[in-house]
Amino acid sequence: DIIPQPLLDQYLSMTDPARAQTVDTEIAKHCAYSLPGVALTLGRQNWHCLKDTYETLASDVQWKVRRTLAFSIHELAVILGDQLTAADLVPIFNGFLKDLDEVRIGVLKHLYDFLKLLHADKRREYLYQLQEFVVTDNSRNWRFRYELAEQLILILELYNPNDVYDYLRHIALTLCSDKVSEVRWISFKLVVAILQKFYANSANTLGLNFINELIVRFRHCSKWVGRQAFAFICQVGMFFLCFCVYV
């Protein structure tokens, strides 16, 4: 009683392969693009009407269709709520994480928006997978790694200092040594954000350990680019200078 049933049936039939040949070769992509709006109109109580269609689109052979869904999965999660997201969207999300870079970038650009909607225990499971974003199909795709650093700055608030130290710290250090200067620069901001996280949560020991690691890895690096990285980290986080002077 929200929208006419014939109209809904017409929309659901857009995933029919026969229609791609007779109507529009990109009809499935149009269907994927409109799905969040249709879901919002129907409401989460009627998600069962769209669930099968969504799963069909998520496994479409065209990466452009899957990419479209990947870019909007965080919006759909808001519409559906935490329970339906955990049951129906998380498996799709996990599939996108292992997809082509053209699809993964859609997940990555809104990684924080999606993870913050999950329960803490489910969210913690992704700590083990964040490292996978450092590796791309094409190593020259530096914007992928840049986006990862930007997202990690936001994601820091979702995890406790110990998790940040055990998992996200390693990613930050790797990105700080990236071959592309733009990636290194945003990574320096990530490093400073991690230090701020430690000291804001009174995790002083973790902060000092991280600082010592930065000194060994960059301040005393045999290559000038490493020592330059240390100087830039100091520039980004002025509070960090006191530790540099002390050392």
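Val 191, Ile 194, Leu 195, Phe 198 and Tyr 199 of helix 11 meet Asn 204, Leu 206, Gly 207, Leu 208, Phe 210, Ile 211 and Leu 214 of helix 12, where contact means heavy atoms within 4.5 Å. This is a predicted model, with local features needing pLDDT of at least 70, side-chain atom pairs counting only at pLDDT 80 or more, and totals for chains, interfaces and linings using all residues. Residues are numbered from 1 along each chain as its sequence is written, and side-chain values use heavy atoms, with hydrogens and water left out.

**Overall build**
- The chain has 14 helices and zero strands; both are DSSP runs numbered from the N terminus, helices being H or I with at least four residues and strands E with at least two.
- Along the principal axes, the C-alpha atoms fill a box of roughly 75 × 35 × 25 Å.

**Helix 11 against helix 12**
- Helix 11 covers residues 181-200 and helix 12 covers residues 204-219; they pack at about 155°, axes 7 Å apart.
- For those numbers, axes are lines fitted to C-alpha atoms (for helices, over the stretch in contact), and angles run from 0 to 180 degrees between N-to-C directions.
- That angle is why helix 11 and helix 12 are roughly antiparallel; the cut-offs are under 35 degrees for roughly parallel, over 145 for roughly antiparallel, 65 to 115 for roughly perpendicular, and oblique for the rest.
- By class, the contact of helix 11 with helix 12 splits into ten nonpolar, two polar and no charged residues.
- Here Ala, Val, Leu, Ile, Met, Phe, Trp, Tyr, Cys and Pro count as nonpolar, Asp, Glu, Lys and Arg as charged, and the others, Gly among them, as polar.

**Helix 6 against helix 9**
- Helix 6 (residues 101-109) and helix 9 (residues 142-155) sit at an angle of about 20°, with axes 10 Å apart, so the two are roughly parallel.
- Asp 101, Arg 104, Ile 105, Leu 108 and Lys 109 from helix 6 touch Phe 144, Glu 147, Leu 148 and Gln 151 from helix 9.
- Sorted by class, the contact of helix 6 with helix 9 has four nonpolar, one polar and four charged residues.

**Two domains**
- The chain is divided into domain 1 (1-118) and domain 2 (130-246), with bounds from an automatic or database domain assignment.
- Their C-alpha centres lie 35 Å apart, and the contact takes twelve residues from domain 1 and 17 residues from domain 2.
- About 1,300 Å² is buried between domain 1 and domain 2, with carbon and sulfur atoms giving 65%; buried area is the accessible area (1.4 Å probe) that two parts lose on being put together, summed over both.
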